[in-house]
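Grab a pencil and try each task before reading on.

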Amino acid sequence: MSDKDNSVNIKGDERSYHHGGLREAAVNEGMRLLQVASVEDLSLRAIARNVGVSATALYRHFPDKQALLQALAQQGLYKLGADQRSAIHVAGGGVDSFAAAGRTYVRFALAHPALFRLVMSCQFEGVQSADETNAMALLRNCVADVYAGSSETEQRIAVLRAWGMVHGLAMLMLDGHLPPDEAIIEGVIHPSYVRGVA
């Protein structure tokens with residue numbers, strides 16, 4: 001095999017990956033690579049090489065890069081939702097949880113910029129599900145708690161206002177218009193602000 005060969009051919013390369021293990025390993029490797037590379041730099045061949053299988057073996061699980069990106073976006077949404085759920089639980093409910101969810105959104109974007117941009121820039125079939133791991137469902141629940149008794153329209157507007165604020169702040173920081181400063185995050189997404197607009 002030449003140094004420029006972009007594939008790995010290991011005899012019986014799927015033997016150690018049972019019951020979806022190869023798919024999971026590939027997604028985990030893709031998530032790892034997104035911490036150090038852009039979406040454009042990801043390749044199925046590189047992931048296959050890194051997990052020790054042939055590209056052909058990986059293509060059985062991901063027929064193309066788009067399929068891999070869909071899996072990574074879904075995993076990113078799951079991770080964002082899990083992080084927000086934890087922050088909401090620690091904050092204890094009400095406006096404190098609402099603000100904690102927003103701060104977590106911005107911190108997630110700063111900690112995982114390539115993954116965040118992938119999740120937010122692509123609309124994949126099945127990725128924006130309404131299950132409990134969906135970050136948007138958590139936001140709606142926070143709004144329903146803080147805006148209890150308000151109309152469905154008012155709550156929908158509150159969801160958009162909150163999402164717009166945290167997403168805008170995240171993007172301003174990611175694009176270098178604001179420093180990724182914790183004091184700014186705390187100051188902008190503060191329970192007193194939430195109380196003021198609730």
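**Exercise 1.** Are Tyr-105 and Phe-116 buried or exposed?

*Solution.* A word on the source comes before the steps. This is a predicted model, where local features need pLDDT of at least 70, side-chain atom pairs count only at pLDDT 80 or more, and totals for chains, interfaces and linings use all residues. Residues are numbered from 1 along each chain as its sequence is written, and side-chain values use heavy atoms, leaving out hydrogens and water.

Step 1: get the cut-offs. Buried means under 20% relative accessible area, exposed means over 50%, and partly exposed is in between (1.4 Å probe, protein chains only).
Step 2: apply them. Tyr-105 is buried, and Phe-116 is buried too.
Step 3: zoom out. Of the 198 residues in the protein chain, 42% are buried.

**Exercise 2.** How many helices and strands does the protein chain have?

*Solution.* Step 1: know what counts. Helices (H or I, at least four residues) and strands (E, at least two) are DSSP runs, numbered from the N terminus.
Step 1: count. The protein chain has 10 helices and zero strands.

**Exercise 3.** How many aromatic pairs does the structure hold, and what do they look like?

*Solution.* Step 1: set the rule. Rings of Phe, Tyr and Trp (its six-membered ring) pair if their centres lie within 6.5 Å; planes under 30 degrees apart are stacked, over 60 edge-to-face, and the rest tilted.
Step 1: find them. The structure holds two aromatic pairs. One is Phe-98 with Tyr-147, edge-to-face, at 6.5 Å centre to centre and 80° between the planes.
Step 2: Phe-98 sits in helix 5 (residues 94-111) and Tyr-147 in the loop between helix 7 (135-146) and helix 8 (152-174), so the pair ties together parts 49 residues apart in sequence. Both Phe-98 and Tyr-147 are buried.
Step 3: look at Tyr-105 and Phe-116. These rings are also edge-to-face, at 5.4 Å centre to centre with 90° between the planes. The pair links distant parts of the chain, with Tyr-105 in helix 5 and Phe-116 in helix 6 (residues 113-121), 11 residues apart.

**Exercise 4.** Which residues of the largest nonpolar core touch the most other members?

*Solution.* Step 1: define it. A nonpolar core is a set of buried Ala, Val, Leu, Ile, Met, Phe, Trp, Tyr and Cys residues joined through side-chain atoms within 4.5 Å.
Step 1: name them. Among the 42 residues of the largest core, Leu-34, Leu-58, Phe-62, Leu-72, Val-106 and Leu-118 touch the most other members.
Step 2: see who contributes. Helix 4 gives the most to this core, seven residues.
Step 3: look elsewhere. Apart from it lies another core of 14 residues, including Leu-138 and Val-159.

**Exercise 5.** At roughly what angle do the axes of helix 4 and helix 6 cross?

*Solution.* Step 1: read the angle. The axes (lines fitted to C-alpha atoms, for helices over the stretch in contact, with angles from 0 to 180 degrees between N-to-C directions) come within 9 Å and cross at roughly 105°.
Step 1: name it. Helix 4 and helix 6 are therefore roughly perpendicular to each other, a label covering 65 to 115 degrees (under 35 is roughly parallel, over 145 roughly antiparallel, the rest oblique).
Step 2: list who meets. Using contact as heavy atoms within 4.5 Å, Leu-69, Leu-72, Ala-73, Gly-76, Leu-77 and Leu-80 in helix 4 meet Leu-115, Leu-118, Val-119 and Met-120 in helix 6.
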